[in-house]
Amino acid sequence: MQNQLISCRFFTTMGHFVALLLLFTIVENNIQASLPDNYTEKSRIEATQTANSALGFGIICFFLDFMGIFTGTSLFNNTVNLIQICCHFIGSILLCWVITNVWHYSSIWPIIICTNLTTALAEVFVLLGIHVFKVVLK
């Protein structure tokens, strides 16, 4: 079962990462659809900064996730694998809906917080447990 969890974790993480990268390229569509007809340049800049900061934060969280995969610190922990699989699956579905349905740009933050931050915190806790507190995780 562990082999299936590891491969499923890798594919769901990659799918979520690709959806986030795709959203980076077309986030302007979401911003344009969200702004009123008589928007100011200042409101467009603020919307762009909000969306780009959420996406940038997601990239940082993915860096932590990929560290866990490629260093192997959390790769063989079934609990962490299940958390990663569930969060990345839900995150990739939600980001695809954001892309296809052109959701409001402010909906990106809750998705990133719920799906990316959760997995990044799991990785940080495993890294701290193993390297700082010398806990053996099973």
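A crossing of two helices is called left-handed if the near helix is turned anticlockwise from the far one by less than a right angle, and right-handed if clockwise. The model on screen is predicted, so that local features need pLDDT of at least 70 and side-chain atom pairs count only at pLDDT 80 or more, while totals for chains, interfaces and linings use all residues. Residues are numbered from 1 along each chain as its sequence is written, and side-chain values use heavy atoms, with hydrogens and water left out.

**First stop: H1 and H3**

Select residues 2-34, which form helix H1, together with residues 78-101, which form helix H3; helices here are DSSP runs (H or I, at least four residues) numbered from the N terminus. Their axes, which are lines fitted to C-alpha atoms over the stretch in contact, come within 8 Å and cross at roughly 30°. That angle makes H1 roughly parallel to H3, a term for angles under 35 degrees on a scale that runs from 0 to 180 degrees between N-to-C directions. The crossing of the two helices is left-handed. Where H1 touches H3, the contact residues comprise 17 nonpolar, twelve polar and one charged, with Asp, Glu, Lys and Arg counting as charged, Ala, Val, Leu, Ile, Met, Phe, Trp, Tyr, Cys and Pro as nonpolar, and the others, Gly among them, as polar.

**Second stop: the salt bridges**

The structure holds two salt bridges, each a side-chain nitrogen of Lys or Arg within 4 Å of a carboxyl oxygen of Asp or Glu. Select Arg9 and Glu123 for one of them, where the N to O distance is 2.4 Å. This pair links distant parts of the chain, since Arg9 lies in H1 and Glu123 in helix H4 (residues 108-131), 114 residues apart. Both Arg9 and Glu123 are buried, which is to say under 20% relative accessible area, whereas exposed is over 50% and partly exposed lies in between (1.4 Å probe, protein chains only).

Next, select Glu41 and Arg44, whose side chains meet in a salt bridge at 2.5 Å, N to O. These two are about one helical turn apart, because three residues separate their positions in helix H2 (residues 41-71). Glu41 is partly exposed at 45% relative accessible area, and Arg44 is partly exposed at 22%.

**Last stop: two positive phi values**

Select Val102 in the loop between H3 and H4, where phi is near 50°, a positive value in a residue other than glycine. Val102 is partly exposed, at 35%. Finally, move to Lys134 in the segment after H4; its phi, near 55°, is likewise positive in a residue other than glycine, and Lys134 counts as exposed at 62% relative accessibility.

Methods
Parallel < 35°, antiparallel > 145°, perpendicular 65-115°, else oblique.
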